[in-house]
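Subject: Structure handover

Hello,

Here is the structure you asked about. My notes on it follow below.

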Amino acid sequence: MLTVEDALEQILARTPVLETETVDVTRALGRVLAEPIVSAREIPPWANSSMDGYAIRAADTRGGATRLRVVGRIAAGALPSRAVGAGEAMRIFTGAPLPDGADAVVPQEDVEADGEVVRVPGNIAEAAYVRPRGEDVRKGDHVLSPGQRLGPAEIGLLATLGHSPVRVHRQPRVAILSTGNELADLGVEPGPGQIPNTNTYSLMAQVTEAGGIPVNLGIAPDRLEAIEERLRWGEDADVVLSSAGVSVGELDLVREALTRSGAELHLWRVSMRPGKPITFGSWDERLVFGLPGNPVSAMVTFELFVRPALLRMGGRPTVERPRLVARARAPIPNPGSRRGYLRVRLARRDQGLEAELTGDQGSAILRSMTLADGLAVVPGDTTVAVGECVDIIPLREF
Ligand code: AMP
Ligand code: MG
């Protein structure tokens, strides 16, 4: 049986990076940059005041406190009407350009103003409360690189630089198919022998979190032609994701339906728990994944195999989550020879992170995913004893 690492390597080797498109900066949150951003501007464009106060010449204050003549007033958005000479000051507000001749600002709370005259303290430092031209960004600075995910700060910087629209990678379109005679879809009360369709919705959410665009292909019953027909609905997607029906039962028809639709299957069965049966293949330009049916297995195999592929398609250079290390608060057993990806709660303690199983690790127990901060990675036939370290894949902030 394949290791998780080998399976992921095979998947990523066949995963293309999608082409690029341009989007308005207001729509670019979460997208992945596909061009280097080089500033065409100086930010700020001119030296300006960081306080409300008086623009002065610092040299005038070398002899101690002094009285200066106020020769004008300059607000943000205006230009100074004249320069500041020796013995002079100009009223200035935050963000207003520093007038020629002035080289410092004295905050208004530090002065005594009396009509046309202002008394300022001695020994004001040159450049006090002055934001110099280009202190944030110089023209020609390389400020953002391809592969960076655009968060609020990057969006703000692009707007500051006037760089809209911006070139980003296209988001993968991911068609999601659930299979099984027993499934009743959301909005339909399950009849006798039926269970609610979970996977379509958890997988759509995982796709969205991984930067993809989910497309719901609904539910196919366990009949070859029905599965084939639904799979064809995913023809204009970049990725087709099905769940269930990939095991060895006589109603496990997904692999055959994929092959009959023209997909070439590259792997099946990975040594892991939960989730052993998983299929990956290519179908013309598309990638196809057949994930296991149990809700936790579907989510965990998505996390380990589909998420990295979607990040790669979307232009991200790093596709695996950063790992953490935690100490076991109670024993974490992994009976059986396959590597375990076990749901754990995490807690921060003075000595570092502590991990504890969420409870029963059955692959149909979805509630345990809602309780899990991460997955503990435990080798086969191993019990992590209390206080021992274990690798963690974090699934969320905690
Ligand atoms: P299978 O691989 O088809 O044998 O499915 C394994 C288990 O997952 C069975 O108990 C199915 O009822 C369950 N299952 C399959 N698909 C879904 C789904 N979309 N939502 C919830 N449970 C499912
Ligand atoms: Mg089934």
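Please keep in mind that this is a predicted model. I start with the ligand: the space that ligand 1 takes up is the second largest pocket.

Around ligand 1 there are 15 residues, and the closest are Glu182, Asn197, Thr198, Gly245 and Gly293.

- A nitrogen atom of ligand 1 lies 2.9 Å from a polar backbone atom of threonine 198.
- An oxygen atom of ligand 1 lies 3.2 Å from a polar backbone atom of glycine 293.
- For asparagine 294, a backbone N or O atom is 3.2 Å from an oxygen atom of ligand 1.

On its own, ligand 1 has 480 Å² of accessible area, and the protein covers 75% of that.

Next, the aromatic residues. How many aromatic pairs does the count come to? It comes to one aromatic pair, with ring centres required to lie within 6.5 Å. The partners are phenylalanine 280 and phenylalanine 289, whose ring centres are 5.1 Å apart.

Last, tryptophan 268. Arginine 255 lies over the face of tryptophan 268, 4.2 Å from the ring centre. Arginine 269 also has its charged end over the ring of tryptophan 268, at 4.8 Å from the centre.

Regards

Conventions: Residues numbered from 1 in each chain as written. Chains lettered and ligands numbered in written order. Predicted model: local features only at pLDDT ≥ 70, side-chain atom pairs only at ≥ 80, totals over all residues. Heavy atoms only, no water. Phe/Tyr/Trp six-rings, centres within 6.5 Å; stacked < 30°, edge-to-face > 60°. Lys NZ or Arg CZ within 6 Å of the ring centre and 35° of its normal. Near = heavy atom within 4 Å. Polar contact = N/O pair within 3.5 Å; in protein donor to acceptor, adjacent residues only side chain to side chain. Areas by Shrake-Rupley, 256 points an atom, 1.4 Å probe, with all protein chains shown as cover. 1 Å grid on protein atoms, 1.4 Å probe; cavity = no way out; pocket = protein on both sides within 12 Å on 5 of 7 lines; lining within 4 Å. Sits in = over half its atoms within 2 Å of the grid points.
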